[in-house]
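Trainee: I should like to learn how to read the features of a structure one at a time. May we begin with a strand?

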Amino acid sequence: MNGIARRLLTAAGRGRAARLRGSPAGSGNRRPRRLVLGIETSCDDTGAAVVDDAGDVLGEALRCQKEVHLQAGGINPVVAQQLHRENIEQVVKEALSVSGVSVCDLAAIATTVKPGLALSLEVGLQYSLNLVNRYQKLFIPIHHMEAHALTIRLTHHVEFPFLVLLLSGGHCILAVARGVSDFLLLGQSIDIAPGDMLDKVARRLSLRKHPECCSMAGGKAIEHLAQTGNRQQHTFRLPMQQYRNCDFSFSGLQNLVNKAIVQKEKEEGIQEGEILSCVKDIAAAVQHAVAVHIIQRTYRAMLFCRKNSILSSKNATLVASGGVASNQYIRKGLQTLADANDFAFLCPPPRLCTDNGVMIAWNGIERLRAGLGVLHSTDGIRYEPKFFPFPLPRKQTWKVSGRKNLFYNFHMNNYKIFFFKNNVLYISQ
């Protein structure tokens, strides 16, 4: 698989996207449209949007805190909370104004309540609950990663089930989306997320001092410099090659990169904080290693889903979302992987891959349609900063056919292996 993933990254893929018009679930008799206001404050972006049940984005607003946190070298939760407090009312008013609607016109208000920074989540939830109680609206608490996973159904015609890869600064998840709020977790990062790792490498390389990257976030700076770097000048051992599962790991790779940087600083006779002459080559090698690792684990998930008929053999779809999914090098590698395995490959547009109010409002629409998690009372509602990948799937038992050693170490969160019999592995919650 090592060679396969590496070869896939040498070819450029072509997207197969179709703009979604109207409801992906189909429309029945005409009825008054239902509107949902989505509010997002899970990290450092304050977002709000109004979306209707036909999938039309009526209006949106976003305030990004990137410049402030760049100055500090990373996100400061207390500063993020204060900026959310300063921005949220204006952001919501702007989204409503652009939409041409008032709070009275809304069917519900959807808000991110987990996971994220506690101080940031608190601002969005408190503001939302004030609106809900004042105007007597339905409230829909939103799982941030579920919103990322379902955004593709706003922008493309995608039916359940599909394989979804969520890549961001805080998460790295492989799951099968089987329905709204119904996800089968296949793998996740056992330590840090790819976006977090790229940001840390960028800080260690002092890329904010680089003339081409002074206003870029870490991951963007790595991607930009990698375009003109030679990745073959540095080779980093890929993580988890001995583990036959779909989990990810990036902290070990980060340590290897840091050691390489220290060695190069010694060779060039410079101090930490100065720019290496080979910085573009290191950026290219780091980006390549991250991409290959992601592709390898995604390939395993494809094999697992196909072998066990979790996804159709004829029209399987791979969806990538989250901020790191905006990286074009990683996207091209995933596109080529999908093409080689007869998967359609879809991504939301880059502006909807990062945190935004649109995805929260759309998740609210999906839940409103399905009648899932729509609350008439907000008593006891709290934010949950601790990360739980998805709401747990329904209790069930299924079998995994194949050689014992192929999936011997396969791990699924909140599941346990019961027994292996007649070359079939039986798993139950």
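Predicted model: local features only at pLDDT ≥ 70, side-chain atom pairs only at ≥ 80, totals over all residues.

Trainee: Which residues point one way from β6, and which the other way?

Mentor: In a regular strand the side chains alternate between the two faces of the sheet. Here, Phe162, Val164 and Leu166 point one way from β6, while Leu163, Leu165 and Leu167 point the other way. Buried means under 20% relative accessible area, exposed means over 50%, and partly exposed lies in between, with a 1.4 Å probe and protein chains only. All of these β6 residues are buried. Because 6 of the 6 residues of β6 are buried, the strand is largely enclosed by the rest of the structure.

Trainee: How many helices and strands does the protein chain have, and what share of its residues is buried?

Mentor: The secondary structure comprises 13 helices and 13 strands. Of the 429 residues of the protein chain, 54% count as buried. Contact means heavy atoms within 4.5 Å. Among contacts in the protein chain with a separation of 6 or more, 74% are between residues 24 or more positions apart.

Trainee: Which strands does β6 pair with, and in which sense?

Mentor: Two strands pair if DSSP finds at least two bridges between them. Strand β6 (residues 162-167) is joined by 6 bridges to β7 (residues 172-179), and the two run antiparallel. They form a hairpin with 4 residues between them. With β9, β6 pairs in the parallel sense over 4 bridges. Leu166 illustrates both pairings: its bridge partner in β7 is Ile173, and it stands opposite Ser321 in β9.

Trainee: What is the strand order of the sheet that holds β6?

Mentor: The order is β8-β7-β6-β9-β10, in an open sheet of 5 strands with mixed pairing. Its edge strands, β8 (182-188) and β10 (344-346), each pair on one side only. The twist averages 25 degrees from one strand to the next; axes are lines fitted to C-alpha atoms, for helices over the stretch in contact, and angles run from 0 to 180 degrees between N-to-C directions. Helix α10 (residues 279-307) packs on this sheet, touching β6, β7, β8 and β9 (317-321), and its direction makes about 160 degrees with that of β6.

Trainee: What order do the strands take in the sheet that includes β1?

Mentor: That open sheet of 5 strands has the order β3-β2-β1-β4-β5, again with mixed pairing. Its edges are β3 (57-64) and β5 (138-143), each pairing on one side only. Strand β4 (residues 108-114) runs parallel to β5, with 6 bridges between them, and Ala108 has Leu138 as its bridge partner in β5. Helix α4 (residues 118-135) lies across β1 (35-40), β4 and β5, at about 155 degrees to β4. Helix α13 lies across β1, β2 (45-52), β3, β4 and β5, at about 135 degrees to β1.

Trainee: Why is the span of α13 in agreement with its number of residues?

Mentor: The expected span of a helix is 1.5 Å times one less than its number of residues. The 14 residues of α13 (residues 357-370) should therefore span 20 Å, and the end C-alpha atoms are 20 Å apart, which agrees.

Trainee: Is α13 mostly covered or mostly uncovered, and what caps its N-terminal end?

Mentor: It is mostly covered, with 12 of its 14 residues buried; among them are Trp362, Glu366 and Arg367. A polar contact is a pair of N or O atoms within 3.5 Å; within protein, one must be able to donate a hydrogen and the other to accept it, and residues adjacent in sequence count only if both atoms are side-chain atoms. Asn356 caps the N-terminal end of α13, with a side-chain oxygen 3.0 Å from the backbone nitrogen of Val358. Just after α13, Gly371 takes a positive phi of about 70 degrees.

Key:
Residues numbered from 1 in each chain as written. Heavy atoms only, no water.
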